[in-house]
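Hi,

Here is the structure I promised to pass on.

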Amino acid sequence: MKDRYNQILEELGDNLPTISLIITELIKRINDPDNNLDVIEEIILADPAISTEIIGVANTGNFRDAHEETIISIQDALQKLGLENVKKIALNASVLSLLKEIKSPKLFSLEAMWSHCVNVAIASESIARFIGFTHLDIAYTCGLVHDIGKIVKLKFNQTKFIKEVFSAKRKLIDLNTNEKARNLIRHDFLGGKMAKRWELPSPIIDAVTWHHEEINDEREDVENDYNHQLIDIVLLANKIVNKNAFGYSGHSIYNKPSKDFLKKLSLNETYLSDAEELIIRSISNHRGILPCEESLKSKFKQKSDTKR
């Protein structure tokens, strides 16, 4: 199995999805208690695209009043947005850049997939806060990158991946179930391999690899309870986001979490409903730091035009 997934990464070669060294550094330092705006500024300044994105968001009506001067420096943008928003915008931009590497499919929306990834990130952070998991940043990051395996599959064989999506939809099963039933390349396993190649921290690798597996004993090589809890958070966030159709990444079916799974997070049906309401509110509140749908379409169109 392992050789099968590594072979795909080898065949992609120079076409592998690339994540900037700046974002790798940001992810590695995301939970450092000594982080402050000066540290984040130093990292972000090395990436002009991310700096431009941050300045753009700082100039939106959500952060700058009409009578205020236009923000043109990254320093002023960071002060206006604050540390938490800046980290999220930078991470979101990194996933957006990965999707922009892909030639836009006719029957699959990259904008909707990006929206799904960001909404799972927001939902993961919300669940973490709800259950008292203190590392909100790492929960957000795990949620954001959980579907990188689909990005790899789209780059490796776009037509085949889209056929798999429609096959699952036709059979009324989710994409992961379809992958397992037909012995296809699993996007979760492939994503885990990609995360490992990027040298991301082990909690992120495990969350990407096992975000569809509820049972701890079935998760190979997960070494500690901390990583298991992050997997659980992302798994539940992914389910709730799919249920509410916040974006779309190929899953059309909502599989209700089992009672045993919910117990691991100290949740029951009532608490689950409360958590879902919190997620819906959080996603609405984050709209100010996310590009609107038309803006996303413009970003992907610009990238597509440059490839012609």
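This is a predicted model: local features need pLDDT of at least 70, side-chain atom pairs count only at pLDDT 80 or more; totals for chains, interfaces and linings use all residues.

Residues are numbered from 1 along each chain as its sequence is written, and side-chain values use heavy atoms, with hydrogens and water left out.

Helix pair first. Helix α7 (residues 110-131) packs against helix α8 (residues 136-145) at an angle of about 150°, with the axes 7 Å apart. Helices here are DSSP runs of H or I, at least four residues, numbered from the N terminus. The axes are lines fitted to C-alpha atoms over the stretch in contact, and angles run from 0 to 180 degrees between N-to-C directions. α7 and α8 are therefore roughly antiparallel (angles over 145 degrees). The α7 side of the contact (heavy atoms within 4.5 Å) includes Cys117, Val118, Ala121 and Ser124, and the α8 side is Leu136, Ala139, Tyr140, Gly143 and Leu144. The residues of this contact divide into 10 nonpolar, two polar and two charged; nonpolar covers Ala, Val, Leu, Ile, Met, Phe, Trp, Tyr, Cys and Pro, charged covers Asp, Glu, Lys and Arg, and the others, Gly among them, are polar.

Next, histidine 251, which sits in the loop between α14 (225-243) and α15 (259-264). Histidine 251 counts as buried because its relative accessibility is 5% (buried means under 20% relative accessible area, with a 1.4 Å probe and protein chains only). Its side chain makes a polar contact with the side chain of lysine 150, at 3.3 Å (a pair of N or O atoms within 3.5 Å, one able to donate a hydrogen and the other to accept it; residues adjacent in sequence count only if both atoms are side-chain atoms). A polar atom of the histidine 251 side chain also lies 3.2 Å from the backbone nitrogen of leucine 175.

On to α15, where you will find leucine 262. With 2% relative accessibility, leucine 262 is buried too. Leucine 272 is 10 residues away from leucine 262 in sequence and 8.1 Å away in space, C-alpha to C-alpha.

Finally, at the start of α4, a side-chain oxygen of aspartate 47 comes to within 3.1 Å of the backbone nitrogen of alanine 49.

Cheers

Conventions. Helices (H or I, at least four residues) and strands (E, at least two) are DSSP runs, numbered from the N terminus. Angles under 35 degrees count as roughly parallel, over 145 as roughly antiparallel, 65 to 115 as roughly perpendicular and the rest as oblique. Buried means under 20% relative accessible area, exposed over 50%, partly exposed in between (1.4 Å probe, protein chains only).
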